[in-house]
Amino acid sequence: MGTHPSTHHLGGTITDRYGGDAASAARVATQLYTMALSAMTRAARVADKAGPTARVRGDLSRARDIVTGLTQTLDHKGSPELSAQLSELYDFIADRVVSADHRAATGRLDAVAHELGGATLALQELRDAWAVAAQRIEG
């Protein structure tokens, strides 16, 4: 099966692992977004309850690692415009996660959720769009 245009930018890593199966690539992307969102949501929830800083920072580190991995899957040659747009979003999300981590590291747990707000919304929108794409590809 060929690569669907909406998942082509994942080509170098995710789609290749699934033999060019665009539906599988879209499902994996959706799962990665969900995992990053879960980590960010846990970090914000624990921080709001003044929970252990190490736990907050661990969840933020997981979210940052996932976003970094997503950035590395972009196919700038095959889909330059889409890759550039996603790269900007991923940079924004990573910046917010790093800022939230800095707040947690300096004892400002009360500021973690605020730092993650826009990034969480962006990831939710990306996840929802990929979930729709996966459903459409699967028919």
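This is a predicted model: local features need pLDDT of at least 70, side-chain atom pairs count only at pLDDT 80 or more; totals for chains, interfaces and linings use all residues.
**Group meeting: a walk through an all-helix model**

Okay, let's start with Ala50: at 59% relative accessibility, this residue counts as exposed, because the cut-off for that is over 50%. You'll find Ala50 in the loop between α2 and α3.

The protein has five helices and zero strands, and if you read along the sequence you get α-α-α-α-α. There are 139 residues, and 42% of them count as buried.

Next, the core. Which residues of the largest nonpolar core touch the most other members? Those are Tyr33, Val56, Tyr90, Ile93, Val112 and Leu116, out of 34 residues in that core. Four helices each put in at least two residues: α2 (22-48), α3 (53-72), α4 (80-105) and α5 (112-138). The largest share comes from α2, with 11 residues.

Leaving aside residues up to four places away in sequence, Tyr90 touches Tyr33, Val67, Leu70, Thr71, Leu74 and Leu126.

Pair one is α4 with α5. Their axes come within 8 Å and cross at roughly 155°. That is over 145°, so α4 is roughly antiparallel to α5. The crossing is left-handed. On the α4 side, the contact includes Leu86, Leu89, Tyr90, Phe92 and Ile93, and on the α5 side, Val112, Leu116, Ala119 and Leu123 are among the residues involved. Sorted by class, this contact has 14 nonpolar, two polar and three charged residues.

Pair two is α3 with α4. Here the axes come within 9 Å and cross at roughly 165°, so α3 and α4 are roughly antiparallel as well. This crossing is left-handed. From α3 the contact draws on Thr53, Val56, Arg57, Leu60, Arg64, Val67, Leu70 and Thr71, while the α4 partners include Tyr90, Ile93, Ala94, Val97 and Asp101. By class we have 12 nonpolar, two polar and three charged residues.

How far apart are the axes of α2 and α5? They're 8 Å apart, and the packing angle is about 160°. Therefore these two helices are roughly antiparallel to each other. Again, α2 passes α5 in a left-handed crossing. The class count for this contact is 21 nonpolar, four polar and four charged residues.

Last stop is Asp95, which sits in helix α4. Is Asp95 buried, exposed or partly exposed? Its relative accessibility is 43%, so it counts as partly exposed. Asp95 and Arg64 are 31 residues apart along the chain, and their C-alpha atoms are separated by 9.0 Å. Arg64, you'll remember, is one of the α3 residues in the contact with α4.

Okay, that's my tour. Over to you.

Note on methods. Residues are numbered from 1 along each chain as its sequence is written. Side-chain values use heavy atoms; hydrogens and water are left out. A nonpolar core is a set of buried Ala, Val, Leu, Ile, Met, Phe, Trp, Tyr and Cys residues joined through side-chain atoms within 4.5 Å. Buried means under 20% relative accessible area, exposed over 50%, partly exposed in between (1.4 Å probe, protein chains only). Contact means heavy atoms within 4.5 Å. Axes are lines fitted to C-alpha atoms, for helices over the stretch in contact, and angles run from 0 to 180 degrees between N-to-C directions. Angles under 35 degrees count as roughly parallel, over 145 as roughly antiparallel, 65 to 115 as roughly perpendicular and the rest as oblique. A crossing is left-handed if the near helix is turned anticlockwise from the far one by less than a right angle, and right-handed if clockwise. Ala, Val, Leu, Ile, Met, Phe, Trp, Tyr, Cys and Pro count as nonpolar, Asp, Glu, Lys and Arg as charged, and the others, Gly among them, as polar.
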